[in-house]
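Hello,

Here is the structure we spoke about. Please look through it first, then read the notes below it.

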Amino acid sequence: MDGANAVPDIPTQPLQCVERPAPGRDGRDGLPGAAGTDGRDGLPGAAGTGGRDGLPGAAGTDGRDGLPGRDGEKGLPGNMGATGEKGNAGVRAAPAECPACAARKIHQCTWDNAGDEKDSGLVHQCSITKLRDDTGLHVRWIGSIRNIRTGAKLCSRWHIAFNGNECGNPARIDAQLYSSLEGLNIHRPSIRTYLEGICYGLSTGIVNVQLYVGDCRNPAQHPHGDSYTSWDSVSRMIIEEIPLA
């Protein structure tokens, strides 16, 4: 080579090819490594978005009936309600059967020649047992009565009473004798004065049916005369319990 800077020739050696050996088999697994230390806490994650609403659940079946509850306490009385309209008249019911009333219940009391001269008070009494509340008593007194006028005293009255009270349903049972002639002494049978009637509203049980004599209804205008009852004859009281009409 020419020049001072010339590089001396380096002898070259011939290339030699080296044949590599075949790859070896995989080695056995190594032993487990030691556990590593805990890592640092991670950063907070971002908030997630809200999930969608779920579908409605299926309707449940009805439950069984519960046990009956206990009775509540009694409430306070309510205010009186307004008066209702008057209803229509009801149909009259047929009377109930009355075996005891099937036969006529008739009573009779008699007095022979009682000759009662009193001007006021109880003359005769006949006691019976009334069987029902819904019946009346038909009373008839038969006998002789008399009223004598003495001066201004000219009127006497006989009446039927029940346990001491005159009939109020429907009315009294009575008769009056008025004498206009002084000293006229006539004993008349009571049938001529109709001392007879029916009284309702009497309770069951013992009933004392009585004949009284006394003042007329207007004693101030017609003062009491001289009375006489049951002169020299038989007097009788007939009483029958009858159903309401």
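The side chain of serine 230 makes a polar contact with the side chain of histidine 124, at 3.0 Å. Please keep in mind that this is a predicted model. A second polar contact runs from the side chain of serine 230 to the side chain of serine 235, at 2.6 Å.

Where does serine 230 sit? Its place is the loop between strand 11 (226–229) and strand 12 (234–243). Serine 230 counts as buried because its relative accessibility is 0%, and the cut-off for buried is under 20%. Leaving aside residues up to four places away in sequence, serine 230 touches Asn113, Ala114, Gly115, His124, Trp141, Ser144 and Ser235.

The next residue to look at is valine 209, which belongs to strand 10 (residues 205–214). Valine 209 is also at 0% relative accessibility, so it counts as buried. Among the residues it touches, with those up to four places away in sequence not counted, are His124, Cys126, Leu137, Phe162 and Ile239. Valine 209 and asparagine 163 are 46 residues apart in sequence, yet their C-alpha atoms are 6.5 Å apart in space.

Now the salt bridges. The count comes to eight.

One of them joins glutamate 240 and arginine 104, with the closest N and O atoms 2.7 Å apart. Glutamate 240 lies in strand 12, and arginine 104 lies in the loop between helix 1 (99–102) and strand 1 (105–112), so this pair ties together parts that are 136 residues apart in sequence. Are the two partners buried or exposed? Glutamate 240 is buried, with a relative accessible area of 11%, whereas arginine 104 is exposed, with 61%.

Aspartate 116 and lysine 118 form another salt bridge, and here the closest N and O atoms are 2.7 Å apart. Aspartate 116 counts as buried at 14% relative accessibility, while lysine 118 is partly exposed at 29%.

The side chains of glutamate 196 and arginine 140 also meet in a salt bridge, at 2.9 Å from N to O. This pair links distant parts of the chain, 56 residues apart: glutamate 196 is in strand 9 (residues 196–199) and arginine 140 is in strand 3 (residues 135–142). Glutamate 196 is partly exposed, with a relative accessible area of 29%, and arginine 140 counts as partly exposed at 32%.

Regards

Technical notes
Residues are numbered from 1 along each chain as its sequence is written. This is a predicted model: local features need pLDDT of at least 70, side-chain atom pairs count only at pLDDT 80 or more; totals for chains, interfaces and linings use all residues. Side-chain values use heavy atoms; hydrogens and water are left out. Helices (H or I, at least four residues) and strands (E, at least two) are DSSP runs, numbered from the N terminus. Buried means under 20% relative accessible area, exposed over 50%, partly exposed in between (1.4 Å probe, protein chains only). A polar contact is a pair of N or O atoms within 3.5 Å; within protein, one must be able to donate a hydrogen and the other to accept it, and residues adjacent in sequence count only if both atoms are side-chain atoms. Contact means heavy atoms within 4.5 Å. A salt bridge is a side-chain nitrogen of Lys or Arg within 4 Å of a carboxyl oxygen of Asp or Glu.
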